[in-house]
Amino acid sequence: MEDPASLPPRSETPVENPNPRTIPNSRHTSRNTIHIGGIPVEFPHQPYGTQLAFMNRVISTLDRSQRDGQCNALLESPTGTGKTLSLLCSALAWQQNQKSKSRRENSTRLSYLDADPRAVTNPIDHGGGFIPETDPSESSVTPQSTRTHEKKEKLRLAPTIFYSTRTHAQISQVIQEYKQTSYRVSMAVLGSRKHYCTNPHIRGEENVNEKCKLLLKKKNKEDTCPEFKNVPKVKGHPSLQKGGSHEVHDIEDLVKIGQVVKGCSYFAARSMAQDAELVFCPYNYIINPIIREAMEVDISGSIIILDEAHNIEDIARDAGSIDLDEEVLLGLQAELGQLSLNDDMTYQPLFEMTQDILSWIDHRKDALVKHESQHYFRCWTGDKALKELQEANISVQNFPILQACAKEAFKAASEAAPDVSHLSGLAVTTLEGLFSSLNYFFSGNAIHAHDFVLSLQRFVKKDEGGLTNTFSLWCMNPAVVFKSIASFSQSIILTSGTLSPLSTFSSELGVKFGTCLEAPHVIDVDSQVWAAAIANGPCNYPLNASYKTAEEYSFQDAVGTSLEEICKVVPGGCLVFFPSYKLLDKVTIRWKQTGQWSRLNAQKSIYVEPRGKCQDSFEVVLKDYYNSIHKGTGWMSRRKIRGKSLGLKKGKGMESMKDTKIEGAAFLAVCRGKASEGMNFSDDNARAVVVIGIPFPNLYDIKISQKKKFNDTHALSKNLLNGNEWYCQQAFRALNQATGRCIRHRFDYGAIIFLDERLHQNRNRAHISKWLRKSIRLYSRFEDSLDSLKSFFKDVKVLGNVLAHFLV
């Protein structure tokens, strides 16, 4: 083994700028200035080769976008390579360089305009003779609208950077990275009232949006929100100014300032975003046109960075889609009926539209086709979808009228006094979603009708019981939504640790990507990662989690014993990803019946990712998982109570582990779940990631089957992957995302284990992330893989001790 203290990153790519000059930064002696493409980039430390390559691509993309009007990039850099820091430093360096160029150009232009006209005949005596030619196309009279636009443009010496990621928690992580840089530009963090509200009377309530809007409408100053009038106090707080302690801030910082000065942090953030050079926000503030308009987010001519963008195709499709339950439509109809009594011009057409949709549902619901038990559906697309919507009196001809009425209704809801009747918040949200989807459908004289599926379903709701009918309009082509965003911006940079496979992005999003990068890792993959695809379990039972074999008890038992043996070898934490909640539930029930659950608990404390959208329950389980790892080892005899709480029965399983030593914990999760998306399981939090099966999307999901059908139909005409190719890409992108939870920095190490014989096929491994693909060992005998795994962790202990020295 090589001396780990001197390990170079073995898989670094050659940088396009082969001789970057590194100059110590005078303001921050611990920082470096690297010249890339003629632009000085300040970086907190000596960058790795992968980081230099990444920054080079960012700067070349932005240079080209400035020169050609637009250029977009797909940049994949594995987790742990310092991607976020590289992205921030290079993008901000380019922006600040562009500002300096714009100032110089403006200064030169002004000096030309101030030149003495006598210099034309006597240049020596009157300032030297370079008089700019007058453009004959320029008018001496500038319209007011143009002057206003020019004023705004003058303020923007360089494009605004919108840095967008999936969740507020991820935004907070990005801001922590931003704090490490030497760059300090005017910034803002956009968020919802739920996150930002500082009014103690409504903060934390479920309907904080509506209550906030009602307070702002009250004419009596004593009854309105007192925090709103103090927005300037929040914006002008000394800590937010240049050099202040919160010059770089996140949502929590701004909320604390708002609470101190009794001002509204929500409207302060929105106001700050208008002039900011760097704006952080969740995806939907960029992708969703309704939210973009409501939050006054102007992306024209901007640089849009979409981080953790592996799911951007799904997010764009969802932004163009709508699902409305019959009960919601009935509530909307009742509201519109009441409002039309006072304002029939605005509300009567909307009332009749809702009534006609309900009538259409009533006529079609008895002709639905059985999909599975207690689930019936029918779908229409293209001209057939147009015809069905016409049956509901929504057509190309009358949609503009309905849209105008909807805009008036939205305006009334936002501006009306409290004593004036208007739509409720739920009704506004429902109508906005419906008209957003219909607007995409009918745009360009319904040119996108074939990109949508109109659907009617009847099924039993899991939580509520009873049959419900759902009216849906699904966008099958994310390009319908995404191309409009790309057309506004100067550059879109999609980046993630796991964009692979890259081939779908351009065709699915309808956007050309002039720059693509699959960066290598900064670690020595050969010595810091043990990657293997294992075809058989301990009893030589084939490991194949396809739907044909996953139901079999023999397979579930083989997975259980495989995990038990792996947990005996792996120190610290072990992440185990299943392809679906359905399989996770089945093996959990099976293992509790056979005693396998108890035997797993004897090796590591077992935690299971909670289902649903509740972030709080997930955070509680995750915290317990971390605590089990970091408090060290314990004895099972002290943990019988915990075993009972997990539903374990007394008996042979519990007795046999009376004096068993426990080390670390295992977290059972699902691909595409919370644990697989953007979570940081560094060091002992995940010394191994085990992936069971290949997470193909659920074909029984009607939207998935319709998407496959759509791609098959339009593969040639729209240059798309066919349905099976798209389906396969979706599976491996989720798999790559799960494997990325393990190695989180240059000195990290761990094992990545695939328990499925299908990964022995070259065509399947070809979809694995490039940095990992060639390092995967193939094992047919489980015992051989376990011996190799033991050797890896034995050898890596020596490596870990040396690497730990660098982390001190």
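1. F618 counts as buried because its relative accessibility is 0%, where buried means under 20% relative accessible area, exposed over 50% and partly exposed in between, with a 1.4 Å probe and protein chains only. F667 is likewise buried, at a relative accessible area of 0%. The model is a predicted one, in which local features need pLDDT of at least 70 and side-chain atom pairs count only at pLDDT 80 or more, while totals for chains, interfaces and linings use all residues. Residues are numbered from 1 along each chain as its sequence is written, and side-chain values use heavy atoms, with hydrogens and water left out.

2. The ring centres of F618 and F667 lie 6.3 Å apart with the planes at 85°, so the pair is edge-to-face; rings of Phe, Tyr and Trp (its six-membered ring) pair if their centres lie within 6.5 Å, and planes under 30 degrees apart count as stacked, over 60 as edge-to-face and the rest as tilted. Because F618 belongs to helix α24 (residues 615-630) and F667 to strand β21 (residues 665-670), the pair ties together parts that are 49 residues apart in sequence. Helices (H or I, at least four residues) and strands (E, at least two) are DSSP runs, numbered from the N terminus.

3. Ring pairs also join F618 and F667 with Y607, Y625, Y626 and F681 into a cluster, and the whole structure holds 20 aromatic pairs.

4. Helix α9 (residues 265-275) is largely enclosed by the rest of the structure, because eight of its eleven residues are buried; among them are Y266, F267, R270 and M272.
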